[in-house]
Amino acid sequence: MIRINVEVIFMTEQLEIIRGKEVGQLLQWEDVQKMKYSWNVVCEVMRLSPPVSGAYREAIKDFTYADYNIPKGWKLHWNTNSSHKDPTIFSDPETFDASRFEGAGPTPFAYVPFGGGPRMCLGQEFAKLEILVFMHNIVKRFKWELVIPDEKLKYDPMLEPVKGLEIRLHPLVHSQIT
Ligand code: HEM
């Protein structure tokens, strides 16, 4: 039921953009700004399955965290999943719920697929644009289905589908999307 709702709201947003264009008219920056729900869906996917599992930092001073005394100079690994799946931050953390990103969204540094602080991902906005444009063109041109519906994912070192995420594409004619 949740999955159907996600697809319906996502497709409604995308179809509104498609319908507002002449055939062959390209996507514009303003169109991408309208993809708010679509981006919330991507964010929730990256919360549940972060593409990067974490990164490294060096302690610049002694500090205490969760009863551990961390001396200055120690190398630390921060892990994306440990905050993305923390029930004190994200209620019912295993459930897909794109509405978590509505309004102000999660508290700062709770949702970190792109890291955080001064060394945060430099390509975040570019990645956002690429993902939304890609998604738009896929749903505009094709009906698609997963060849292996329950394909497993692995970190190597980035998250990737073990069989390469094969999909079956069925080209749409214009009348099927409007
Ligand atoms: C979904 C796509 C992407 C994800 C999830 C992602 C995630 C990350 C993460 C977790 C970090 C480490 C941040 C930290 O340590 O706080 C990082 C760093 C970085 N990313 Fe990305 N990234 C993505 C796409 C991109 C793209 C498209 C580019 C460039 C076009 C890019 C360029 C960089 C660079 C240059 C850094 C190093 C920043 C620094 O150390 O100052 N990333 N990314």
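Which backbone oxygen lies 3.0 Å from a polar atom of the side chain of Arg 100? The backbone oxygen of Asp 92 does.

## Basis of the model

This is a predicted model, in which local features need pLDDT of at least 70 and side-chain atom pairs count only at pLDDT 80 or more, while totals for chains, interfaces and linings use all residues. Residues are numbered from 1 along each chain as its sequence is written, and side-chain values use heavy atoms, with hydrogens and water left out.

## Arg 100

Arg 100 is placed in the loop between α4 and α5; helices (H or I, at least four residues) and strands (E, at least two) are DSSP runs numbered from the N terminus. Arg 100 counts as buried because its relative accessibility is 15%, where buried means under 20% relative accessible area, exposed over 50% and partly exposed in between (1.4 Å probe, protein chains only).

A polar atom of the Arg 100 side chain also lies 2.8 Å from the backbone oxygen of Ser 91.

## The iron atom

Cys 121 is the only protein donor of the ligand's iron atom, through SG at 2.3 Å. Donors are N, O and S atoms within 2.8 Å of the metal (3.2 Å for Na, K and Ca); water is not among the atoms, so sites may look incomplete. Cys 121 belongs to the loop between α4 (80-84) and α5 (124-141).

## Oxygen atoms of the ligand

In the side chain of Arg 57, an N or O atom is 2.6 Å from an oxygen atom of the ligand. The side chain of Arg 119 likewise has an N or O atom 2.6 Å from a ligand oxygen.

Notes. A polar contact is a pair of N or O atoms within 3.5 Å; within protein, one must be able to donate a hydrogen and the other to accept it, and residues adjacent in sequence count only if both atoms are side-chain atoms.
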